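These are my notes from going through one model. I put down what I looked up, entry by entry.

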Amino acid sequence: MALGVPAAPGAAAAPPASSPGPGVPPGGGTQLITARARTLSSTTGTVQWWQRHNGRWVLRGSAPARFGAGGLAEGRSRVQGTSTTPTGLYDLPFGFGSAPAPPGTTVPYRRVGAHSWWCEDNASASYNRWVDPLPPDCAATESERLAGYPTQYSRALVIGFNYHHPVRGRGAGIFLHVNGKGATAGCVSVPAGAMARILSWVRPSAHPHMAIGTASGATALTRY
């Protein structure tokens, strides 16, 4: 979900975490991306990426992040169309973009073409899926034409929210992508350079995951 609105003036970024916290599981892997916001109403925060080494998480990079224009919401109860970023722990099925994959990329990477869409139509059999071309049962007005966002979708990673067993009405098209002009419609975004570094760093063999959460409370990053 790339389409967003300018971030609220003075939106506070979350302070960088010194570690992902002992409560954040690796999701069965040795690479972890964390996206941390100060509160559920925040539209900015911090993305950091970590490598498991000798039983500890080692910080490999950090970047300022943007979240949904509606803030964040618990992923298990999120509602589609609220412009909220879902909290939780998710896998990263594949990357995509209108630009070539950065050097060193090993994650599966799909190039965006003129007929590449992300189906977000709740009535479609292709709900929350990349489609190329748009199938007859997926309304264009309910979906995203990926080439229509050449900046945001120049490079991106699919976040596995509601992806493997989609629940209609919960949300579709949640990605880690390049910054646009402001807050997102529910995705997490970072500067273009950070997105390129993340794509080059991610290794499928490491079973990478992404944890999205707040600094404290019921949706604290350490709870996922």
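How many disulfides does the structure hold? I found 1 disulfide. The model is a predicted one, and I read each entry below with that in mind.

**Disulfide**

I looked up the partners: Cys119 and Cys138, with sulfur atoms 2.2 Å apart. The link of Cys119 and Cys138 is right-handed, with 115 degrees about the S-S bond. I then placed the two ends: Cys119 sits in strand β8, while Cys138 belongs to the loop between β9 and β10. The pair is 19 residues apart and links distant parts of the chain.

I followed β8 into its sheet. Here 3 strands form an open sheet, in the order β9-β8-β10, with antiparallel pairing. β9 (129-131) and β10 (144-145) are the edge strands; each has a single partner strand, so one side of each lacks a neighbour in the sheet. Between β8 (residues 117-119) and β10 I noted 2 bridges. Across from Trp118 I found Glu144 of β10.

**The loop between β9 and β10**

I went back to the loop that carries Cys138. Pro133 lies in this loop between β9 and β10. The peptide bond from Asp132 to Pro133 is cis, and its omega is near 10 degrees. I flagged it because most peptide bonds are trans.

**Positive phi**

I listed two residues here. Asn54, in the loop between β2 and β3, is not a glycine, yet has a positive phi of about 50 degrees. Its relative accessibility is 72%, so Asn54 counts as exposed. Ser83, also not a glycine, has a positive phi of about 55 degrees. I placed Ser83 in the loop between β4 (72-74) and β5 (85-91). Ser83 has 25% relative accessibility and therefore counts as partly exposed.

**Nonpolar cores**

Which members of the largest nonpolar core touch the most other members? Of its 29 residues, I noted Ile33, Ile159, Leu176 and Val188. The elements giving two or more residues to this core are β1 (31-37), β2 (44-53), β3 (56-66), β12 (175-178), β13 (188-190), α1 (192-201) and β14 (209-214). α1 gives the most, with 5 residues.

I also looked at a second, separate core, which has 15 residues, including Tyr127, Trp130, Phe175 and Cys187. Cys187 has 0% relative accessibility and so counts as buried.

I took Ile33 for a contact list. Leaving out residues up to four places away in sequence, Ile33 touches Val47, Gln48, Trp49, Leu92, Leu176, Ile198, Trp201, Val202, His209, Met210 and Ala211.

**Whole protein**

The protein has 1 helix and 14 strands. Of its 224 residues, 54% are buried. Among contacts between residues at least 6 apart in sequence, 64% join residues at least 24 apart. The accessible surface is about 9300 Å², and carbon and sulfur atoms account for 56% of that surface.

Technical notes. Residues numbered from 1 in each chain as written. Predicted model: local features only at pLDDT ≥ 70, side-chain atom pairs only at ≥ 80, totals over all residues. Heavy atoms only, no water. Core = buried A, V, L, I, M, F, W, Y, C linked by side-chain atoms within 4.5 Å. Buried < 20%, exposed > 50% of the residue type's maximum accessible area, 1.4 Å probe, protein only. Helix = DSSP H or I, 4+ residues; strand = E, 2+ residues; numbered from the N terminus. Contact = heavy atoms within 4.5 Å. Pairing = 2+ DSSP bridges. Disulfide = S-S within 2.5 Å. Areas by Shrake-Rupley, 256 points an atom, 1.4 Å probe, with all protein chains shown as cover.
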